[in-house]
Amino acid sequence: MSSHVPPQPPTTNTPTLVHGIGVSPGRVAAPAVLMPPPVPEPPSGRRLAPGADHVAAAARIEEASRRVRTALDAAADRAQGDAADVLHATAAIASDPTLVADATQRVHDESLVPERAVWEAAAEVATQFEALGGVFAERVRDIADVRDRLVAELTGRPAPGVPERSEPFVLVAPDLAPAIVATLDTTAVLGIATAEGGPTAHTAILARSRGIPAVVAAHGLEPLVTEGVLVLLDGGAGTVVVHPDPAAVEAARASASQVRTFDGDGRTADGHRVELLANIGAPGDAAQAAAAGAQGVGLFRTEFVYLDRDEAPTPDEQVADYRAVLAAFPGRKVVIRTLDAGADKPLPFLAGAPEANPALGVRGLRTAVAHPEVLDAQLRAIAAAAAAESADVWVMAPMVSTVDEAQEFVERCARHGLSTAGVMVEVPSAALLADRVLAHAAFASIGTNDLTQYTMAADRLLGSVAGLSDAWQPAVLRLVAETCRGGAQQGRPVGVCGEAAAVPALAVVLVGLGVSSLSMTPRALADVAAVLASTTLDECRRLAALALAASSARDARETVRAALPVLAELGL
Ligand SMILES: C=C(OP(=O)(O)O)C(=O)O
Ligand SMILES: [Mg+2]
């Protein structure tokens, strides 16, 4: 026998590891299902061949409409609540006689191929719906959805949207729109892996808040994955294993069946208290956060009161909304962030001149320079809500970048009788001058999403720079450390309310850096609490030092994870 064995190519079932960025923890093993590519527009003017059977071509549209309707109705029967209603309504559009008749006419009159006829007919119907306005105009998106389904049916492509399968699966896609993640059926889709996307993009934030394990920026995954292939996705480690070995699959399935709860008392293994708070985006979230054990609210994003309107909300509207949140946390801390408009959240009544770089423009507290009356009205409403409820109300401003801004904001709050006024640290300048900022502000809350964006000069919404948009970046951690140093010097508490707080391994590092509260989506509370409860403060500090000493985000993450075996034990 020869002693020289040439290297063997991997067999098709060799486990293959792909690295990405874990944005929502949890380990799941399931077959992969690929998100179908968007349906392309059929070329304009494509016509039937001379002498083709127009009647038969038109009949294909009828048949496609029937099939699409049947498929949508079947999906609606399997779905529940709002999703079922939406699917039934879309099914009705699919068999709408106007759309089918218009398309059929175009086959007869213009000899268009059926898919092009459907495309043009749908455009016509959409224009009519838009002109009617109101609820009709709101259906324009549904018409485009039906159009794509009909064209897919007519051209032999897979139906657009999240595929339907009889067994739960891991959804693999180049990228996913937030609207898709918001409406995913979590009993069908056990995990998400995307090639693009960043950890602070809305898609990732939604995956985390919906408790769907997710890995983004998994470049190189798609060529390895074919429909139905078994994958093991680890949303904590940020990895996907294609063809995992059976023992790993077994372990993942066992850990997925553990249900953790949070008892409302965040501390490390040696009893060092860390407040575990909730991030809230609308009054309706408050009760759910309280039920999840949140010790209070660390970030109440108030933008929802202002979005989708042409003028500022009235004082009464604001007071009612703020009171609804405060009422869910009697006697507890609730940190209300003042309006963070601008950049990706433009408001018509605050809009100034168009900006080439809105993330660097008039956003957050900066809008108060031109519109101090909007901030004053909000502070007045917060003060009124605070007076009517028993919650301990703290107020903070977004996007503070100078000591003067901090001082002016605190003084303005004081004029409204709001005595606990702080700042968000989201801009490197505020982190670097935290000692001076905190000479005025009562507390700081680090917004790691924006702090990462501005430290790394990487748009948080842009998938192509997702590798940079990572709060594990040692430069970001150094700014967190600097903010904590400023806080300690002034005797002021420093918390974190960016997405980093919801990542258990990173939460441990943040505590080690000196953060005293962590605010996150309520779903993450139990996982973060469990990992903290099994780590001493000294260990947190040691891990923080390791992360700070790393030379890349990946090094920092992997070093800390390797030193925290409890993560694997808990399936995180
Ligand atoms: C919490 C933050 O604010 P937002 O995500 O609302 O910008 C942040 O930037 O980390
Ligand atoms: Mg922010």
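UniProt positions here follow the numbering used in this structure, with feature names shortened, and the annotations may be inferred rather than shown by experiment. This is a predicted model, so local features need pLDDT of at least 70 and side-chain atom pairs count only at pLDDT 80 or more, while totals for chains, interfaces and linings use all residues. Residues are numbered from 1 along each chain as its sequence is written, and chains are lettered from A and ligands numbered from 1 in the order in which they are written.

**View 1. The UniProt "binding site" positions, with a look at Arg337 and Asp450.** The unreviewed UniProt entry lists Arg301, Arg337, Asn449, Asp450 and Arg460 under "binding site". Arg337 sits in strand 11 (residues 333-337); helices (H or I, at least four residues) and strands (E, at least two) are DSSP runs, numbered from the N terminus. Is Arg337 buried or exposed? It counts as buried because 24 C-beta neighbours fall inside 10 Å. The cut-offs are 20 or more other C-beta atoms within 10 Å for buried, 12 or fewer for exposed, and partly exposed in between, with C-beta atoms placed from the backbone. Beyond four places in sequence, Arg337 is in contact with Leu299, Phe300, Arg301, Thr302, Met396, Pro398 and Met424; contact means C-beta atoms, placed from the backbone, within 7 Å. Asp450, over in helix 18, is buried too, with 23 other C-beta atoms within 10 Å.

**View 2. The shell around ligand 1.** Zoom in on ligand 1 and you'll find Leu299, Arg301, Asp340, Glu426, Gly447, Thr448, Asn449, Asp450, Cys497 and Gly498 around it. To make this list, a residue's C-beta atom, placed from the backbone, has to lie within 6 Å of the ligand. By class, the shell has 2 nonpolar, 4 polar and 4 charged residues. Here Ala, Val, Leu, Ile, Met, Phe, Trp, Tyr, Cys and Pro count as nonpolar, Asp, Glu, Lys and Arg as charged, and the others, Gly among them, as polar.

**View 3. Ile446 in strand 14.** Ile446 belongs to strand 14 (residues 444-446) and is buried, with 32 other C-beta atoms within 10 Å. Leaving out residues up to four places away in sequence, Ile446 touches Val425, Leu451, Val480, Thr483, Val494, Val496 and Gly498.

**View 4. Nonpolar cores and Leu518.** In soluble globular proteins, nonpolar side chains tend to be buried together. A nonpolar core is a set of buried Ala, Val, Leu, Ile, Met, Phe, Trp, Tyr and Cys residues joined through C-beta atoms within 7 Å. The largest one has 108 residues, and Val297, Val423, Ala507, Val509, Leu510, Leu518 and Val528 touch the most other members. Helix 20 (residues 504-513) is the top contributor to this core, with 8 residues. Outside four places in sequence, Leu518 has contacts including Val274, Leu276, Ala507, Leu510 and Val528. A second, separate core of 42 residues includes Leu190, Ala204, Ala207 and Val240.

**View 5. Ile21 in strand 2.** Ile21 lies in strand 2 (residues 21-24) and counts as buried, with 25 C-beta neighbours inside 10 Å. Beyond four places in sequence, the residues Ile21 touches include Pro199, Val215, Gly238 and Asp470.

Technical notes. Contact = placed C-beta atoms within 7 Å.
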